[in-house]
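Colleague: Thanks for making time to go through this model with me. Shall we take it feature by feature?

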Amino acid sequence: MRGVRAVALAAALVLLTGLISLGSVHADPPTVRTEKHVVQLPGGPTFDRDVRLPITLYLPEGKGPHPSVIVSPGFGQTEDGVAADARYLAQQGYVALAWTMRGFQLFNTQGGKIALDAPDTEVQDLKALITLLSKRSDVLQDGPGDPRVGLMGESYGGGISLMGATYDKRVDAIVPVITWNSLETALDPGGVFKAEYASVFFLLASRNGCALFATRSCTTYTRLAETGIATEADLKLLRYSSPDPSKITAPTLLIQGEDDTLFPLSESLRTAEALQSKGTPFALRWLKGGHDKSFSSDAEAGIRRSAGTWFDRYLKKRAVSTGPLFTWHRSSGGDGASKRLPTTPPVDVTVTDGTKTVSNPAGGRPASISSVPGAGSVADLAGALGLDIPGQSASWDSPRLPASKELLGAGTLKVDVQSSTGEAVLFAKVLDVKPDGSTSLPNGQVAPVRVRNGEATIELPTLAHTIPAGHRIRVTLASTDLAYAGPTAPATYTLSNPRLSLTLVPLSKGKGYAGLALVSGLIALGVLLIGVFVWTRRHRKAPDLGDDDGPLVVISGLAKSYADGFRAVDGVDMVVEKGQVLGLLGPNGAGKTTTLRMLAGLIEPTEGSVKVFGREVVSGAPVLSRIGFFIEGPGLLPHLTGMENLELYWTSTAPSMEGSYVEEALDIAGLGNAVDRPVRTYSQGMRQRLAIAQAMLGRPDLLVLDEPTNGLDPPQIKEVREVLQAIAATGRTVLVSSHLLAEVEQTCTHVVVMSKGKVVAQGPVDDLLADEEAVRVEVDDLAHAQAVLSDLETDVVDGALVVRLHDLPRTEVVARLVEGGVGVLGVASRRRLEDVFLELTS
């Protein structure tokens with residue numbers, strides 16, 4: 001066991017002195033100047049001498065003023081440990097300030113002692129640095145004493161970033177990496193002290209025992225190390241050094257490592273849930289790596305880019321996309337993405353039954369081994385060490401999974417516990433059992449819990465792990481774990497009646513997960529499509545944008561077949577003339593969207609052709625820049641305002657909003673002041689109107705809208721109908737697909753009806769509704785008109801007289817009414833578009 005501890009300490013020392021970095025500078029970077037200073041602060045009630053904080057300023061090119069970022073180092077680092085991160089930010093146009101936090105300067109010549117990011121010490125230091133930035137002319141200011149400032153850092157530096165945003169409202173954005181939500185749940189989870197990791201920290205910073213720690217911190221650690229039991233005073237101190245996300249208003253990018261038994265995924269998830277409840281803009285990233293394993297170089301580069309983009313959005317106020325709300329690394333390969341947090345309610349999982357008896361040995365040793373601080377899970381140590389000690393664990397297995405599942409989030413285990421001492425300390429694990437019986441412990445994660453006799457509900461570790469088809473899930477309760485301070489008195493535990501619930505998400509055949517990531521995958525696709533459309537629209541220098549002679553769209557013999565033989569579109573011929581508002585009708589599955597996707601150049605036809613402004617459509621064709629598209633959803637970002645979404649869409653390839661005609665588009669869409677509100681506050685009808693405004697940016701010659709009223713209630717449908725009528729009033733050409741027939745009848749001049757991939761009718765709406773069997777007559781006196789035509793079959797519908805003709809000419813009906821003294825106000829077909837549609841598609 002001494003050898004294991006030596007590995008733990010050595011690995012953690014390497015880790016905490018800079019194993020995780022946000023990346024380095026690449027070729028031909030902008031010039032960055034540096035300035036070194038020492039900030040001296042007066043001593044406070046905790047310390048009897050002044051505090052001297054070494055800082056390094058990384059200054060970007062240009063006169064400024066520039067927004068600023070304070071980069072905080074990890075535990076045991078100086079400002080040199082985050083030099084690469086600060087330099088990178090300066091190259092992106094930020095004044096970056098790297099600092100050495102109290103207690104970590106060599107030989108501790110700076111004064112203050114380590115107080116675990118406490119509000120009365122390190123937070124006050126951070127506030128002083130923010131004030132220092134407020135006095136610099138090269139730093140952008142939001143007001144007197146209020147610089148435009150972001151905070152970032154990993155681990156200990158991530159903790160001070162969250163603490164700073166909790167206690168100082170001048171902070172404008174933060175990027176905390178692999179850090180804690182609560183030091184209580186991180187270091188004393190379930191009431192069980194995380195002894196090995198805590199000892200690593202105190203060893204790393206110790207000079208003559210607790211010399212570098214504040215007395216209160218040293219007292220708490222010493223008591224926990226000796227007893228393994230936290231007193232209320234200990235817990236109060238840990239809570240004191242924990243952020244309060246309910247007070248954070250600064251937009252927050254949370255990045256957590258999946259290979260992290262110090263600050264596990266649950267820490268970031270609790271912070272994210274609190275930010276979401278508060279309404280603070282945030283995003284959550286789970287990456288492979290963490291305190292137990294270094295991030296890959298790709299992950300480091302991704303963190304750096306993500307942080308830069310986050311600060312660009314919230315410090316530079318640029319309309320840039322910051323990506324999905326939640327992403328995670330999939331153990332089966334690739335990444336997942338979702339627009340919601342991984343808080344899906346757990347589902348019950350059947351496991352083997354049976355009463356199990358386990359023992360806790362005297363002294364708590366030998367102990368099961370799940371992970372080694374700083375060295376990852378034991379499974380990575382070449383199988384040299386086992387996981388659980390015989391007689392000290394109980395396990396229950398699920399049946400083999402018929403299909404692959406993703407464990408994404410936390411679950412619970414309910415079990416009846418009887419201890420010979422009246423109390424039990426248990427370590428819960430969820431294992432992946434292969435068909436050959438071998439097991440793996442995802443990311444070395446364990447959930448410790450201290451329970452009394454009776455029914456216990458144990459919250460299982462938060463995981464992101466794929467369980468392949470044919471594998472089983474095993475839940476294990478161990479009585480010991482090397483990383484924790486368990487009871488030393490011998491005891492026997494009887495465990496029975498297990499009831500397991502897990503957040504299992506079906507693994508789809510594609511890149512995402514059914515239910516959780518499907519919507520976000522479509523959003524990601526929508527963002528990609530937006531990029532394609534904007535790219536084509538901006539490149540106006542393309543040599544051939546077509547001509548204005550002849551129809552705008554000519555579709556000839558268009559067909560699309562798939563490998564399984566399904567023919568989604570089958571020989572479609574269609575023409576769209578200038579000035580038409582053409583409705584593309586058809587039931588779900590008729591081929592409308594597939595036709596529009598071929599029109600947009602997103603998919604290639606199997607047969608036939610599509611010409612726009614006289615030019616053949618292919619992917620990226622320059623002529624597509626003359627068309628505004630809204631296909632398969634708008635892809636709006638909910639945390640941005642309506643205007644910011646439009647700016648993001650347009651400026652993704654253009655240097656400014658010049659030429660976007662955004663005010664004109666907004667006027668037609670009729671959003672009013674709502675355009676300055678976050679999209680997450682919009683009704684669905686408002687979102688659709690914003691999406692239509694997005695498609696109208698740049699005054700396209702043709703507007704193509706796919707199901708703009710899909711999913712709307714009647715009042716929202718009316719809103720969108722008014723927008724379409726406003727567009728039609730401008731003389732623009734519009735192609736709109738829909739299955740809401742009344743809306744097309746009231747809005748469109750022409751219609752094409754599709755069924756089973758074929759065109760079954762097309763032409764002017766009035767011609768299509770013509771009915772030789774009946775006539776609808778508007779008169780000034782319905783009763784008198786019915787009396788005049790008493791020998792004919794009549795009915796009153798919507799305030800007009802409907803007359804069945806029975807081969808009688810319409811002109812004779814009108815003549816008889818006039819001769820009978822009835823005022824005829826109008827004559828029209830009786831049929832509704834719905835009648836025609838059902839007749840054509842039945």
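Modeller: Happy to. Let me start with a proline: P65 lies in the loop between β2 (51-59) and β3 (68-72). Keep in mind that this is a predicted model.

Colleague: Which residue does a cis peptide bond join to P65?

Modeller: We are in the loop between β2 and β3 here. The omega of the bond is about 5°. The partner of P65 in this cis peptide bond is G64.

Colleague: And where is P366, which a cis peptide bond joins to R365?

Modeller: For the bond between R365 and P366, omega is about 5°. As for its place in the chain, P366 sits in the loop between β14 (356-360) and β15 (371-372).

Colleague: Let's turn to backbone angles. Is S155 buried or exposed?

Modeller: S155 belongs to the loop between β7 (149-154) and α4 (156-167). Its phi is positive, about 55°, although S155 is not a glycine. The relative accessible area of S155 is 5%, and buried means under 20%. S155 is therefore buried.

Colleague: What is the phi of F613?

Modeller: F613 lies in the loop between β31 (607-612) and β32 (615-616). With 2% relative accessibility, F613 counts as buried. F613 is not a glycine, yet its phi is positive, at about 50°.

Colleague: Finally, the second largest pocket: which residues of its lining lie nearest its centre?

Modeller: The second largest pocket has a volume of about 430 Å³, and 28 residues line it. α5 (183-187), α9 (265-278), β22 (447-452) and β23 (454-459) each supply at least two residues of the lining. Nearest the centre lie P189, S266, V446, A447 and P448.

Colleague: How many residues of that lining are charged?

Modeller: The lining of the second largest pocket has 14 nonpolar residues and 10 polar ones. The charged residues number four.

Technical notes. Residues numbered from 1 in each chain as written. Predicted model: local features only at pLDDT ≥ 70, side-chain atom pairs only at ≥ 80, totals over all residues. Heavy atoms only, no water. 1 Å grid on protein atoms, 1.4 Å probe; cavity = no way out; pocket = protein on both sides within 12 Å on 5 of 7 lines; lining within 4 Å. Points joined across faces, edges and corners; volume = space filled by probe spheres on them. Helix = DSSP H or I, 4+ residues; strand = E, 2+ residues; numbered from the N terminus. Nonpolar A, V, L, I, M, F, W, Y, C, P; charged D, E, K, R; others polar. Buried < 20%, exposed > 50% of the residue type's maximum accessible area, 1.4 Å probe, protein only.
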